[in-house]
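Have a look at the structure first, then read on.

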Amino acid sequence: KLQFLYLIASPPGRTPPTRTMSTPCRTTVVGVPKEIKEGEGRVSVTPAGAAELVAGGHEVLVQRGAGVASGWPDAAYVAAGADLADTAGEVFAAAQVVVKVKEPLMEEMRMLRAGQELFTFYHLSGATKTYVKRLVATGAVGIAYETLVDRHGAIPLLRPMSEVAGRMAAVEAAKLCGAAGGVHGRGLLLGGVTGTERGKVLVLGGGVVGMNAAEVAAGLGADVTVLTRSHTQLRNMAARLPKNVHGVFSRSCGPLDMKEHLPQADVVIGAVLVPGVKAPRLVTREMLGWMKPGAVVVDVSIDQGGCFETSRPTTLSEPSYTVDSIVHYCVANMPGAYPRTSTAALTNASLPYVLKLASHGWAAMADSDACFAPAVNFAGGALTNAEIAATFEGAGLPYTPVGRAAKAALVERRAGTAEVAPAP
């Protein structure tokens, strides 16, 4: 049995404003389709989560096989009170709230309808204009895990996946440093052995991804340097990480920093994140020439566009490529390689929000909770997140502030016109 313990504490300092939701609770159909992105084995709701939703008065419709790769067979969902559907089309047609893990692909986008709420990772700031235009034009409501914040300003639904990706980055880098199986690394064992050199790992960014990447790389025995512009992160590293991790303050991670550190590195891990906007380009193609031939770069920021100029999204089946003798690993859904761990970590964090969304709807939540409001990336045929709208300024995409969009949706809901009936 899975047990969930929720600890709620009042943080020091100012808390973003929240109001009690005046909209009465609703009962709705929550849909859980099977993920179709290549190599993706995660599922958005576990059987334990389905049971909680059913206990809250909601119907849960799960596509057959959705949880199998994460270790949950269809029978476990049936035992939890969920119903099964044969196809994703049935799930999208019946559900008012659809919960996924990864952004909708084109065939899923065609199943969306106006007013339907889709809760998932989007990373729109790293997407193409064409993709975003098509997505917004569906009229659906896009609620993004990665732009939902908590009262501390942290990103609670991104954190567990960042932990997985950070740890995985060090492991994958260690593999790519070898010279077997077609990999063109330096043939270097990161931790070395008696009488040999250790590998040197450079981590760009000291947040959740960077901290976890540094911890695992250090555990493998490498010499690790972390560049960060946060004094708080430096103090956290000094308290948590072993002595073979060296935190270095850098105001910008600019060319001078790269010139100093890139030539020494056997591995560079890009772990920068600016919520809601594209990742900054820290390493240009020219800078690759400063690195050792056969060195490895792992761009965990690829979902947000990547922090290396030479990065392009790859898949778990074909994860790496080489540019100018530098091996690149740029998988856009890294946690999908460990679906059991990743699903458990994600759903532990996401389930409370799924329960509230099912009961109250996006508009009531956005209107009453300033932490939830940034998660609404688009609604009613317009972008609603200011940072994402700024990213696509000039692209012909309409923008409506989320507060205004939420109030309009609440007026329609109270008039009985907002809830879109399931397709026949």
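## Around Phe 119

Setting aside its neighbours within four places in sequence, Phe 119 is in contact with Val 98, Val 99, Lys 100, Ile 143, Tyr 145, Leu 148, Leu 157, Tyr 353, Val 354 and Leu 357. Keep in mind that this is a predicted model.

As a general rule, nonpolar side chains in soluble globular proteins tend to be buried together.

## α11 and α6

How do α6 and α11 cross? Helix α6 (residues 159-176) and α11 have axes that come within 8 Å and cross at roughly 155°. Angles over 145 degrees count as roughly antiparallel, and α6 and α11 are therefore roughly antiparallel to each other.

On the α6 side, the contact is made by Pro 160, Met 161 and Val 164, and on the α11 side by Ser 342, Ala 345, Leu 346 and Ala 349. That contact divides into six nonpolar residues, one polar and no charged.

## α11 and α1

Helix α1 (residues 47-55) packs against α11 (residues 339-360) at an angle of about 30°, with the axes 10 Å apart. The two, α1 and α11, are therefore roughly parallel, and α1 passes α11 in a right-handed crossing.

Here Gly 49, Glu 52 and Leu 53 of α1 meet Leu 351, Val 354, Leu 355 and Ala 358 of α11. Sorted by type, the residues of this contact are five nonpolar, one polar and one charged.

Notes: Residues are numbered from 1 along each chain as its sequence is written. This is a predicted model: local features need pLDDT of at least 70, side-chain atom pairs count only at pLDDT 80 or more; totals for chains, interfaces and linings use all residues. Side-chain values use heavy atoms; hydrogens and water are left out. Axes are lines fitted to C-alpha atoms, for helices over the stretch in contact, and angles run from 0 to 180 degrees between N-to-C directions. Helices (H or I, at least four residues) and strands (E, at least two) are DSSP runs, numbered from the N terminus. Angles under 35 degrees count as roughly parallel, over 145 as roughly antiparallel, 65 to 115 as roughly perpendicular and the rest as oblique. A crossing is left-handed if the near helix is turned anticlockwise from the far one by less than a right angle, and right-handed if clockwise. Contact means heavy atoms within 4.5 Å. Ala, Val, Leu, Ile, Met, Phe, Trp, Tyr, Cys and Pro count as nonpolar, Asp, Glu, Lys and Arg as charged, and the others, Gly among them, as polar.
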